[in-house]
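Colleague: I'd like to learn how to read a fold like this one, feature by feature. Could you walk me through it?

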Amino acid sequence: MTEFVLPETRYALSGDVNLAYQVMGNGPVDIVMVPGFMSHIEFRHELPGQTAFLRRLSSFARVVTFDKRGQGLSDRVSDAPSLEQRMDDVRAIMDAVGSQRATLFGHSEGCAMSALFAATYPERVSRLILFGGYVKRSDMNITEIVEQRVKFWGTGAMLKRIAPSLAADPAAVAQFAKFERLSASPGAVKSFTMLNWQIDVSSILPAVRVPTLVLHRQGDLQIPVEHGRELAACIPDAKFIEYPGGDHTYATGDVEAVLGDIEEFITGHRESSSLDFERVLATVLFTDIVDSTRSATTMGDRAWRNLLDRHDELALQVVEKHRGTLIKSTGDGILATFDGPARGVRCALALGTATRQIGLPIRAGLHTGEIEIRGRDIGGVAVHAASRVMTQSQPDEVLVSRVVTDLVAGAGLTFAGRGSHELKGLPGAWDLFAASI
């Protein structure tokens with residue numbers, strides 16, 4: 001398998017504002033991804049499913065992602081941009097990459113601007129895809145929404161509404177919290193939210209004349225499916241598809257059905273399966289810092305950041321010493337893989353000792369199974385299993401599945417039974433064991 005290299009971030013100028021963008025693939029058609037409420041084109045690749053989703057699109061198209069002005073890696077602005085400014089920004093991005101005509105893929109709040117752009121500049125839009133969109137948002141109390149959103153911004157609390165399928169995973173919540181912070185400041189969030197509640201594109205939707213595909217999940221908590229139905233009904237000849245599940249983000253949940261429908265809409269056919277990823281057997285390690293939120297509050301941001309940096313340095317050193325691969329930091333822990341389960345267990349024990357000496361006790365979980373290598377990231381049931389094992393671990397404990405214990409006989413490791421557990425999202429009962437030397 002050819003190693004996947006993350007796309008390079010470049011900048012386009014829209015007026016006097018610099019807009020960050022990335023390009024993936026070199027297919028015969030262009031897809032411009034118009035982001036929703038949050039965006040950060042580089043950190044997006046750290047989030048579950050995002051890179052795989054974009055990579056699948058890039059197998060038949062050239063895919064362009066960008067950060068709206070005021071968000072992510074684009075220039076900050078004094079106030080939330082109007083729909084007109086956002087349209088200017090899309091034109092600037094298309095001009096920068098040499099795209100004369102493209103499919104616009106709008107997500108959430110990005111749907112309104114995408115529809116307006118398609119109606120205004122039909123010569124620049126070949127097709128329109130709207131995922132999790134709406135015509136107007138007058139169904140909720142804006143004052144209460146703004147207050148709650150700003151209060152909990154940067155904690156990952158929104159994941160419960162954006163991707164409930166991931167909300168029970170502490171690592172996913174920590175990642176999403178960082179995504180929120182990198183995407184925008186609380187003040188910008190307030191400004192964007194107030195503006196978005198004023199958007200009403202009902203009067204222009206009948207003027208959309210390009211082929212349109214409207215997609216929505218039936219249990220979407222962020223934008224109820226009724227909004228998607230209304231959006232499709234207002235656009236002449238739009239095709240509407242509902243999917244099961246409750247995730248508002250397109251890259252989680254039943255993505256294969258979504259990707260298949262998108263590919264067929266754009267190319268006229270669909271592949272029978274997703275991209276082939278390299279599959280290998282590996283031991284997966286997840287760690288998590290104990291009581292990280294309380295420690296961060298007690299220490300203050302700067303001191304906590306310095307301590308986290310020291311944690312990350314130690315983690316890299318210990319993982320490399322045990323011939324492992326550090327896949328990524330999860331914000332308050334790490335994800336790593338090993339080609340031998342004994343090395344993985346010894347690494348977890350050694351890392352626990354090292355981090356305890358700097359005042360950061362951790363918990364760890366390991367499982368051995370087949371994983372999918374997705375560029376710099378990994379996926380598969382084994383990854384989820386290791387994460388679930390870790391959540392059962394106590395402070396200063398390295399917990400492993402029975403598979404691991406069965407594979408390390410004679411390695412000089414000791415295991416104490418911790419009972420049988422039901423692991424969320426995984427079938428059957430799992431016997432877990434605490435490791436020691």
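Colleague: Let me start with a strand. Which residues of β3 are on one side and which on the other, and are they buried or exposed?

Modeller: The general idea is that side chains in a regular strand alternate between the two faces of the sheet. In β3, D30, V32 and V34 are on one side and I31 and M33 on the other, and all are buried. Buried here means under 20% relative accessible area, exposed means over 50%, and partly exposed is in between (1.4 Å probe, protein chains only). The strand covers residues 30-34, and five of its five residues are buried.

Colleague: Before I go on, what am I looking at?

Modeller: This is a predicted model, in which local features need pLDDT of at least 70, side-chain atom pairs count only at pLDDT 80 or more, and totals for chains, interfaces and linings use all residues. Residues are numbered from 1 along each chain as its sequence is written, and side-chain values use heavy atoms, with hydrogens and water left out. As for the element names, helices (H or I, at least four residues) and strands (E, at least two) are DSSP runs, numbered from the N terminus.

Colleague: In what order do the eight strands of the open sheet come?

Modeller: Two strands count as paired if DSSP finds at least two bridges between them. Here the order is β1-β2-β4-β3-β5-β6-β7-β8, with mixed pairing. β1 (10-14) and β8 (239-243) are at the edges with a single partner strand each, so one side of each has no neighbour in the sheet. From one strand to the next, the twist averages 25°.

Colleague: Which way does β2 run relative to β4, parallel or antiparallel?

Modeller: Antiparallel: four bridges link β2 (residues 17-24) with β4 (residues 62-66). M24 has V63 as its bridge partner in β4. β4 also pairs with β3, but in the parallel sense, again over four bridges. There, D30 is opposite R62 of β4.

Colleague: Now helix packing. At roughly what angle do α11 and α12 cross?

Modeller: Start with the axes, which are lines fitted to C-alpha atoms, for helices over the stretch in contact; angles run from 0 to 180 degrees between N-to-C directions. For α11 (residues 301-321) and α12 (residues 341-357), the axes come within 10 Å and cross at roughly 150°. The two are therefore roughly antiparallel (angles under 35 degrees count as roughly parallel, over 145 as roughly antiparallel, 65 to 115 as roughly perpendicular and the rest as oblique). Their crossing is right-handed, a label used if the near helix is turned clockwise from the far one by less than a right angle, with anticlockwise giving left-handed.

Colleague: Which residues meet there?

Modeller: H311, L314, A315, V318 and V319 of α11 meet C347, A350, L351, A354 and T355 of α12. That contact has eight nonpolar, two polar and no charged residues. For the classes, Ala, Val, Leu, Ile, Met, Phe, Trp, Tyr, Cys and Pro are nonpolar, Asp, Glu, Lys and Arg are charged, and the others, Gly among them, are polar. Contact itself means heavy atoms within 4.5 Å.

Colleague: And how do α1 and α9 cross?

Modeller: The axes of α1 (residues 50-57) and α9 (residues 255-267) come within 11 Å and cross at roughly 25°. That makes the pair roughly parallel. F53, R56 and L57 in α1 meet V255, E256, V258, L259, G260, I262 and E263 in α9. By class, the residues of this contact are six nonpolar, one polar and three charged.

Colleague: What about R86, buried or exposed?

Modeller: R86 is buried, at 5% relative accessible area, and sits in helix α2 (residues 83-97). Beyond neighbours within four places in sequence, its contacts are K68, P81, E109, M113, F192, L195, N196 and I199.

Colleague: Last one: where is D237?

Modeller: D237 is in the loop between α8 (225-234) and β8. Its phi is near 65°, a positive value in a residue other than glycine. D237 is exposed, with a relative accessible area of 81%.
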